Amino acid sequence: MGIQIEYLPLTALDCQPPSWQDKVLGAVSFGESADDLKGRHLHGHIPEIYLNAPVLAGSQFASEALLDDALNTEISQPLISDKHGQIRYRLGEHLLFGVISLDESPELTSPGGANTTPALQQVTEIAYQQIFALLDVLGYTHVYRFWNYMADINGNGADTQAGLERYRQFNIGRKNVFLQVGRAQGHQLPAACALGLRSGPLSIAFLAGKTPSVAIENPRQVKAYHYPEQYGPLTPSFSRATLAQLGQQLCLFISGTASIVGHETLHAGDIVGQTNETLVNLEAVVSEANRIQGGPVFDLSNACFRVYVRHAGDLDRIRETLRNHFNRQVKAVFVQADICREALLIEIEATVQ
Ligand code: 3EB
């Protein structure tokens with residue numbers, strides 16, 4: 001078994017046949033306006049997050065659905081959906097997909113109080129505590145992938161005494177919990193991404209399983225959890241990729257990848273330069289996974305990509321750069337989102353199997 005990723009226009013989610021619904025672990029949906037998205041619902045039992053991020057190519061709205069392939073081939077238990085606290089999740093024999101969205105309610109920060117832990121840090125801690133508690137209870141203790149979305153990721157936190165960039169506030173909350181639950185060591189860290197949206201709650205999606213995955217790093221980049229302090233007081237908790245054995249199928253979940261070499265941002269202001277550097281980094285992660293696996297298992301040109309673009313106007317040059325690199329059409333969805341460093345114009349994540 002493995003995992004299957006499908007890109008669909010949002011409206012198509014509702015009209016898939018029951019046999020399709022039976023296989024869906026969950027979905028991440030992107031659209032222009034969160035309000036427009038609220039009107040529709042994937043069948044209530046399937047976890048889905050709606051992200052206020054315009055889709056730049058293809059239909060106006062898009063969903064990325066994760067399907068559990070086991071159900072194509074084997075006789076197996078039906079997927080089970082449930083809730084736990086604010087988490088909605090769905091699980092099969094090997095995989096669990098879950099989502100949680102938490103508002104940064106103003107009550108969390110006591111104005112003028114001595115304890116001015118930023119609301120974003122607090123909701124990040126609440127979300128991650130809930131997620132790990134659930135996974136421990138259910139026995140899906142190994143997280144392969146986190147997707148993190150928040151409003152105003154590059155905002156300077158001027159509303160808090162800390163005055164820290166919001167991505168850095170998020171990193172503090174995330175790492176605090178990873179430390180609390182004993183998951184902060186490099187080989188334990190999952191693949192991840194962290195993106196900024198125009199508005200909306202902190203929204204986290206995650207994919208976990210019962211068997212450990214192998215954390216992969218990129219020899220061209222400093223490990224994110226070893227970034228120097230100039231990028232924030234607590235480092236980001238993620239590895240560059242995770243290599244997971246899903247039944248018979250090997251799967252590589254590659255983190256959001258950007259134009260960073262060592263720990264520095266390269267090609268500021270140059271979208272073609274950043275896209276090419278990102279591709280070199282993605283290829284380096286795939287090579288590293290193949291080296292560890294002991295053979296050419298993974299080929300980046302077979303991947304499913306999600307491309308986050310800071311400036312919609314860069315789309316054509318990005319697509320052309322991808323075409324030049326792969327010499328063929330690749331499976332990708334392009335969405336507008338803010339990247340976690342101000343100078344980064346693009347971030348690309350990929351799933352390869
Ligand atoms: C980077 O390489 C770019 O904080 O979860 C990529 C993937 C990035 C994941 C995260 C951040 C995260 O540092 C940013």
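**Reading a ligand site, a helix and a sheet**

Student: Which side chain has an N or O atom 2.5 Å from an oxygen atom of the ligand?

Tutor: That side chain belongs to Tyr 167. Keep in mind that this is a predicted model.

Student: How far is a ligand oxygen from an N or O atom in the side chains of Tyr 227 and Arg 240?

Tutor: For Tyr 227 the distance is 2.7 Å. For Arg 240 it is 2.8 Å.

Student: How much of the ligand's accessible area does the protein cover?

Tutor: Take the ligand on its own: it has 360 Å² of accessible area. The protein covers 100% of that.

Student: Now a helix. Why does the span of α7 agree with its number of residues?

Tutor: Start with the general idea. An α-helix has 3.6 residues a turn, so residues three or four places apart point the same way. Now the case here. Helix α7 covers residues 271-293, which is 23 residues. At 1.5 Å a residue it should span 33 Å. Its end C-alpha atoms are 33 Å apart, so the two agree.

Student: What is found at the start of α7 and just after it?

Tutor: At the start, Asp 270 brings a side-chain oxygen to within 3.3 Å of the backbone nitrogen of Val 272. Just after the helix, Gly 294 has a positive phi of about 85°.

Student: Next, strands. Is β12 mostly covered or uncovered?

Tutor: In general, side chains in a regular strand alternate between the two faces of the sheet. Strand β12, residues 241-246, is mostly covered, with 5 of its 6 residues buried.

Student: Which strands pair with β12?

Tutor: One is β11, residues 214-216, antiparallel to β12 over 3 bridges. There, Val 214 has Leu 243 of β12 as its bridge partner. Another is β13, residues 249-257, also antiparallel, joined to β12 by 6 bridges. Thr 242 is bridged to Phe 253 in β13.

Student: How many residues lie between β12 and β13 in their hairpin?

Tutor: There are 2. In that turn, Gly 247 has a positive phi of about 60°.

Definitions and conventions. Residues numbered from 1 in each chain as written. Predicted model: local features only at pLDDT ≥ 70, side-chain atom pairs only at ≥ 80, totals over all residues. Heavy atoms only, no water. Helix = DSSP H or I, 4+ residues; strand = E, 2+ residues; numbered from the N terminus. Expected span 1.5 Å × (residues − 1). Polar contact = N/O pair within 3.5 Å; in protein donor to acceptor, adjacent residues only side chain to side chain. Areas by Shrake-Rupley, 256 points an atom, 1.4 Å probe, with all protein chains shown as cover. Buried < 20%, exposed > 50% of the residue type's maximum accessible area, 1.4 Å probe, protein only. Pairing = 2+ DSSP bridges.
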